[in-house]
Amino acid sequence: MTPDSLSEMGDAIAATGPHRPRIIAVANQKGGVGKTTTTINLATALAAVRKTVLVIDLDPQGNASTGLGIPANRRTVNTYHVLVGDSDIEQATVETTIPGLSIVPSGLDLAGVEIELVDFEDRLHRFKKAIVDKVDHFDYVLIDCPPALGLLTVNALIASHAVLVPLQCEFFALEGISQLVRTIERIKTAHNPTLDLQGIVLTMYDQRNNLSNAVATDVREYFGDVVYQTMIPRNVRISEAPSYGKPVLLYDTACAGSQAYIHLASEVLKRETRIAA
């Protein structure tokens, strides 16, 4: 799949009907599965095909902000201030060096925000209230969730149309996926009836590793077509890119990791086309 054909799919989505932003939470309660890497590279690929994209960094670690090259002095207004009501999302939004891609960065205060949210009556819906009608000028909003099923992730799921789950091709990764799916179903029933599982993307895949192959087979047998065909390989260029404040798509466009994320973006756009039809 070439960038040109990816662009054609993006144009097809734009022609399917009236504009509305699609809000997608990138979530997995297990850390180290490639969640942030998937968020920033998928966002970059969508921006490359002329989609306007907003990344919201809801992870206190702030890795999405770092990976998109946002220094600390540009994070003084961040997702913490949006959640507690000290700022609106427009004030917290920062443009990246990538045309069409903006971010609401994370900040250190976000690490303790769940304790503060307990005192708010609307603690489960604060994030949704903060972004409703405020992100309509974007085509896609990607939320990088923390590696936990706490209040921050729940807020993100309640505010989202869909969930994208990166799943590492290792045994322990399988243990948490059923819990996440149950959480998605509970939130869909109680708070957000439009929430859907957009897809599961297998990450850190090593075709030489029997365990990677076994995990991929098991996940596909259980979840079927929900699992993307594209698998993100273990790739040293993916690991190196964040230290340069760049998505791997900009750091080394030709590497296997970048090509995989281009294919993933193509699949995401295909699914979005079916949803919009």
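Begin by selecting helices α9 and α10, where Phe 171, Leu 174, Ile 177 and Val 181 in α9 meet Leu 211, Val 215, Val 219 and Phe 223 in α10, a contact meaning heavy atoms within 4.5 Å. By class, this contact has 8 nonpolar, no polar and no charged residues, where Ala, Val, Leu, Ile, Met, Phe, Trp, Tyr, Cys and Pro count as nonpolar, Asp, Glu, Lys and Arg as charged, and the others, Gly among them, as polar. Before moving on, note that this is a predicted model, in which local features need pLDDT of at least 70 and side-chain atom pairs count only at pLDDT 80 or more, while totals for chains, interfaces and linings use all residues. Residues are numbered from 1 along each chain as its sequence is written, and side-chain values use heavy atoms, with hydrogens and water left out.

**The two helices and their axes**

Helix α9 covers residues 171–190 and helix α10 residues 210–223, and they pack at an angle of about 20° with their axes 10 Å apart. Helices here are DSSP runs of H or I with at least four residues, strands are runs of E with at least two, and both are numbered from the N terminus. The axes are lines fitted to C-alpha atoms, for helices over the stretch in contact, and angles run from 0 to 180 degrees between N-to-C directions. The pair α9 and α10 is therefore roughly parallel, on a scale where angles under 35 degrees count as roughly parallel, over 145 as roughly antiparallel, 65 to 115 as roughly perpendicular and the rest as oblique.

The buried residues of α9 are Ala 173, Gly 176, Ile 177, Leu 180, Thr 183, Ile 184 and Ile 187, where buried means under 20% relative accessible area, exposed over 50% and partly exposed in between, with a 1.4 Å probe and protein chains only. These buried residues pack against α8 (151–159), β6, β7 and α10.

Next, select Pro 193, in the loop between α9 and β7 (196–205). Is Pro 193 buried or exposed? At 62% relative accessibility, Pro 193 counts as exposed.

**The sheet**

Now show all strands: 8 of them form an open sheet in the order β3-β4-β2-β5-β1-β6-β7-β8, with mixed pairing. Strands β3 (94–95) and β8 stand at the edges, each with a single partner strand, so one side of each is left without a neighbour in the sheet. Two strands pair if DSSP finds at least two bridges between them.

Select β5 (residues 140–144), where 5 of the 5 residues are buried, so the strand is largely enclosed by the rest of the structure. Tyr 140, Leu 142 and Asp 144 lie on one side of β5 and Val 141 and Ile 143 on the other, so that both faces are covered. Strand β1 (residues 22–26) runs parallel to β5 and is joined to it by 5 bridges, with Ile 23 opposite Val 141. Strand β2 (residues 53–57) is also parallel to β5, through 5 bridges, and here Asp 57 stands opposite Asp 144.

From β2, step to β4 (residues 101–104), a parallel neighbour joined by 4 bridges, where Val 55 stands opposite Ile 103. Leu 101 and Ile 103 point one way from β4 and Ser 102 and Val 104 the other way, and all are buried. Strands β3 and β4 pair in the antiparallel sense over 2 bridges, and Glu 95 has Ser 102 as its bridge partner in β4. Their hairpin has 5 residues between the strands, and Gly 100 takes a positive phi near 85° there.

At β8 (residues 227–233), pick out Thr 230, which is buried with a relative accessible area of 10%. Leaving aside neighbours within four places in sequence, Thr 230 is in contact with Val 201, Leu 202, Ala 260, His 263, Leu 264 and Glu 267.

Finally, select α2 (residues 35–48) and α13 (residues 256–276), which pack at an angle of about 70° with their axes 9 Å apart. That makes α2 roughly perpendicular to α13. Thr 37, Thr 38, Asn 41, Leu 42, Ala 45 and Leu 46 of α2 make the contact with Tyr 261, Leu 264, Ala 265, Val 268 and Leu 269 of α13. By class, this contact has 8 nonpolar, 3 polar and no charged residues.
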